Amino acid sequence: MLLADKTVIVTGASRGIGRAVALECAHQGARVVIGHSGSAQGRTAAFSLMEEISGFGGHGIEVGSDAADLDTGGRLVAAALDAFGSVDVFVNNAGICPFHSFLDMPRETYLRTVDTNLNGAYFAVQAAANQMKKQGNGGAIIAVSSISALVGGGMQTHYTPTKAGLHSLMQSCAIALGPYGIRCNTVLPGTIATDINQEDLADEEKRAYMIRRTTLGRLGAPEDIAGPVVFLASDMARYVTGAALLVDGGMFVNLQ
Ligand SMILES: NC(=O)C1=CN([C@@H]2O[C@H](COP(=O)(O)OP(=O)(O)OC[C@H]3O[C@@H](n4cnc5c(N)ncnc54)[C@H](OP(=O)(O)O)[C@@H]3O)[C@@H](O)[C@H]2O)C=CC1
Ligand SMILES: C[C@H](O)[C@@H]1OC(=O)[C@H](O)[C@@H]1O
């Protein structure tokens with residue numbers, strides 16, 4: 001098992017990519033902290049994941065706290081310590097993408113997106129890193145960014161800068177935290193079919209276009225992101241830091 005005896009915090013783990021990541025971490029022997037928004041729906045989904053994990057003898061707890069709240073990282077770390085005594089891996093995954101055109105972008109939508117995807121993440125990474133430094137055994141931090149860190153989206157002008165920001169944060173943190181043995185890496189998913197884009201991809205033409213953009217001929221599933229995250233979290237990636245791994249079914253390279 002790749003993550004035996006490790007404590008892994010995953011933000012946004014009640015659904016979608018985060019859920020698949022948390023589940024695979026638990027399958028790989030980790031104790032997991034399942035972060036979610038604190039909504040009734042998030043809590044129900046997190047409890048169902050906890051049940052699934054305990055069903056195969058794993059250990060998980062849930063913490064509901066808004067990712068946009070700058071204290072959420074500290075809460076997640078405190079809960080991990082209380083339940084499991086350590087923080088070894090931090091996966092920053094929680095995010096929103098409320099598709100909207102640029103010229104009439106409401107300030108509230110812009111600010112909520114940046115606060116949820118990037119500002120909260122910054123201080124959550126800081127909280128996890130301080131705990132890892134205190135433990136003295138190194139650690140791994142992984143940001144779930146996006147192919148959108150590298151390319152644009154006309155309806156994502158508020159979103160793509162947050163994904164580029166996370167990618168850049170991991171690069172700088174790889175330098176800042178390398179002396180403590182803490183590795184920082186980014187995963188850049190392509191289009192993964194989840195709740196975040198259910199409405200957008202309900203448009204059959206758009207869906208077909210996104211599928212055509214891949215070289216593998218399909219959209220991603222949340223489980224496609226879990227393996228790469230577990231790899232980066234594990235000692236298999238012990239010399240990998242400051243790296244970014246595209247997991248996009250070939251979408252980025254597919255020019256002609
Ligand atoms: N799907 C895709 O194509 C891609 C997604 N990504 C990124 O992957 C990450 C996960 O996305 P995905 O799984 O698709 O999305 P989902 O909408 O399926 O899941 C989002 C998760 O984030 C949590 N979340 C949302 N808002 C908050 C908040 N304010 N505070 C705490 N938790 C919150 C949700 O919790 P709750 O259940 O409580 O609402 C849920 O667990 C995002 O950062 C996204 O940008 C990157 C590239 C492609
Ligand atoms: C929400 C989008 O469908 C999804 O998110 C991203 O980061 C990419 O732009 C994907 O297409």
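Q: What kind of model is this?
A: It is a predicted model.

Q: OK. At what angle do α4 and α5 pack, and how far apart are their axes?
A: Helix α4, residues 107-135, packs against helix α5, residues 160-177, at an angle of about 15 degrees, and the axes are 10 Å apart. With that angle under 35 degrees, α4 counts as roughly parallel to α5.

Q: Is the crossing of α4 and α5 left-handed or right-handed?
A: The crossing of α4 and α5 is right-handed.

Q: Which residues meet there, α4 against α5?
A: From α4, the residues are Thr113, Val114, Asn117, Leu118, Ala121, Tyr122, Val125 and Ala129. On the α5 side they meet Thr162, Lys163, Gly165, Leu166, Leu169, Met170, Cys173 and Leu177. By class, the contact of α4 with α5 has 11 nonpolar, four polar and one charged residues.

Q: How many aromatic pairs does the structure hold?
A: The structure holds one aromatic pair. The pair is Tyr122 with Phe123, whose ring centres are 5.0 Å apart. Their planes are at 65 degrees, which is over 60, so the pair is edge-to-face.

Q: What meets what between α1 and α7?
A: Gly16, Ile17, Ala20, Val21, Glu24 and Cys25 in α1 meet a set in α7 made up of Pro222, Glu223, Ile225, Ala226, Val229 and Val230. Sorted by class, the contact of α1 with α7 has nine nonpolar residues, one polar and two charged.

Q: New topic, Thr160. Where is Thr160?
A: Thr160 is in helix α5.

Q: Buried or exposed?
A: Thr160 has a relative accessible area of 13%, and the cut-off is under 20%, so Thr160 counts as buried.

Q: What does Thr160 touch, leaving out residues up to four places away in sequence?
A: With those left out, Thr160 touches Ser148, Val151, Gly152 and Gly153.

Note on methods: Residues numbered from 1 in each chain as written. Chains lettered and ligands numbered in written order. Predicted model: local features only at pLDDT ≥ 70, side-chain atom pairs only at ≥ 80, totals over all residues. Heavy atoms only, no water. Phe/Tyr/Trp six-rings, centres within 6.5 Å; stacked < 30°, edge-to-face > 60°. Axes fitted to C-alpha atoms, helices over the stretch in contact; angles between N-to-C directions. Helix = DSSP H or I, 4+ residues; strand = E, 2+ residues; numbered from the N terminus. Parallel < 35°, antiparallel > 145°, perpendicular 65-115°, else oblique. Left-handed = near helix turned anticlockwise from the far one by under 90°. Contact = heavy atoms within 4.5 Å. Nonpolar A, V, L, I, M, F, W, Y, C, P; charged D, E, K, R; others polar. Buried < 20%, exposed > 50% of the residue type's maximum accessible area, 1.4 Å probe, protein only.
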